[in-house]
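Me: I have a structure open and would like to go through it slowly. Could you help me with a few parts of it?

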Amino acid sequence: MGSVEAVNVVREVRDGRWGLTAIDKRPVDGLVEVGELGLTGDQQLTGGHGGRDRAVYAYASEDATWWADELGRETPAGLFGENLRTVGQPVGDAQLGERWRIRNVLLEVRLPRTPCENLSLRLGIERFHRRFASTGRVGAMLKVLEPGELRAGDEIEIVYRPDHGLTISDLAVGAPPDCARRLLDSGLPVAPTVRAKLRRIVRRDATH
């Protein structure tokens, strides 16, 4: 069972590549309210960084440590713009549709994070967002099924795990066609962008 290492909300709205960005997240203490559109005290300034399917962004401490070794620098909580820095919870191995209980909050894994140039600006590394995406270590966007409160140190309980086998990391770098087909056939509700990508993967596989 994993846990929440840190809860992060926006510290300062900054200039991004195409406008203002709220990627500058920092840890906060105490209970934080979680609503259908995200954490109290947080902001999502563009359509691609908010909404119910992207209400909460989770990133694993283990992946952050991997990046620390790769980049030769510290990767503190919130650096990647995440709301939840987890530990002992392999976020990349989470399956789409998987559900997590944290205190009284129920979250559903909806889709992998699609990094943009604001991540490169945040780290000060040109085109880092492309490198980040290519590894599959992108973290997961979560939907809030049951609002509530959570805090750093809370345990993460996986209360539902589907059996289609398609993980966040798989989808980030290109899903195996058999897993894509199983998810489409499972009847599980998936985000529209995910469904469109899965259909493209299945169609492409059928033509080979």
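**Pocket, rings and cysteines**

Reply: Let us begin with the second largest pocket, which has 13 residues in its lining, and of these Pro112, Arg113, Thr114, Leu171 and Lys197 lie nearest its centre. Please keep in mind that this is a predicted model.

Me: Ok, and which elements give two or more residues to that lining?
Reply: Those elements are the strand β10 (105-112) and the helices α4 (168-173) and α6 (192-206). The largest share, 3 residues, comes from α6.

Me: What volume does the second largest pocket have?
Reply: The volume of this pocket is about 220 Å³.

Me: And how do the lining residues divide into nonpolar, polar and charged?
Reply: The lining of the second largest pocket holds 8 nonpolar residues, together with 2 polar and 3 charged ones.

Me: Switching to the rings, how many aromatic pairs are there?
Reply: The count comes to 8 aromatic pairs. One of them is formed by Trp67 and Phe128, whose ring centres are 4.9 Å apart with 70° between the planes. The pair is called edge-to-face because the angle is over 60 degrees.

Me: Where do Trp67 and Phe128 lie?
Reply: Trp67 lies in helix α1 (residues 61-71), while Phe128 belongs to helix α3 (residues 128-135), so the pair ties together parts that are 61 residues apart in sequence.

Me: Are those two buried or exposed?
Reply: Trp67 is buried, with a relative accessible area of 0%, and Phe128 also counts as buried, at 1% relative accessibility.

Me: What about Phe128 and Phe132, how are their rings placed?
Reply: The ring centres of Phe128 and Phe132 are 5.8 Å apart and the planes meet at 45°, so this pair is tilted. Both residues sit in helix α3, 4 residues apart, which means that about one helical turn separates them. Phe132 is buried as well, since its relative accessible area is 0%.

Me: New topic, how many disulfides are counted?
Reply: The count comes to 0 disulfides, which means that no pair of cysteine sulfur atoms lies within 2.5 Å.

Conventions: Residues are numbered from 1 along each chain as its sequence is written. This is a predicted model: local features need pLDDT of at least 70, side-chain atom pairs count only at pLDDT 80 or more; totals for chains, interfaces and linings use all residues. Side-chain values use heavy atoms; hydrogens and water are left out. Rings of Phe, Tyr and Trp (its six-membered ring) pair if their centres lie within 6.5 Å; planes under 30 degrees apart count as stacked, over 60 as edge-to-face and the rest as tilted. Buried means under 20% relative accessible area, exposed over 50%, partly exposed in between (1.4 Å probe, protein chains only). On a 1 Å grid over the protein atoms alone, a cavity is a set of points where a 1.4 Å probe fits but cannot get out, and a pocket is an open set with protein on both sides within 12 Å along at least five of seven lines; lining residues have an atom within 4 Å of a point. Grid points are joined across faces, edges and corners, and a volume is the space filled by probe spheres set on the points. Ala, Val, Leu, Ile, Met, Phe, Trp, Tyr, Cys and Pro count as nonpolar, Asp, Glu, Lys and Arg as charged, and the others, Gly among them, as polar.
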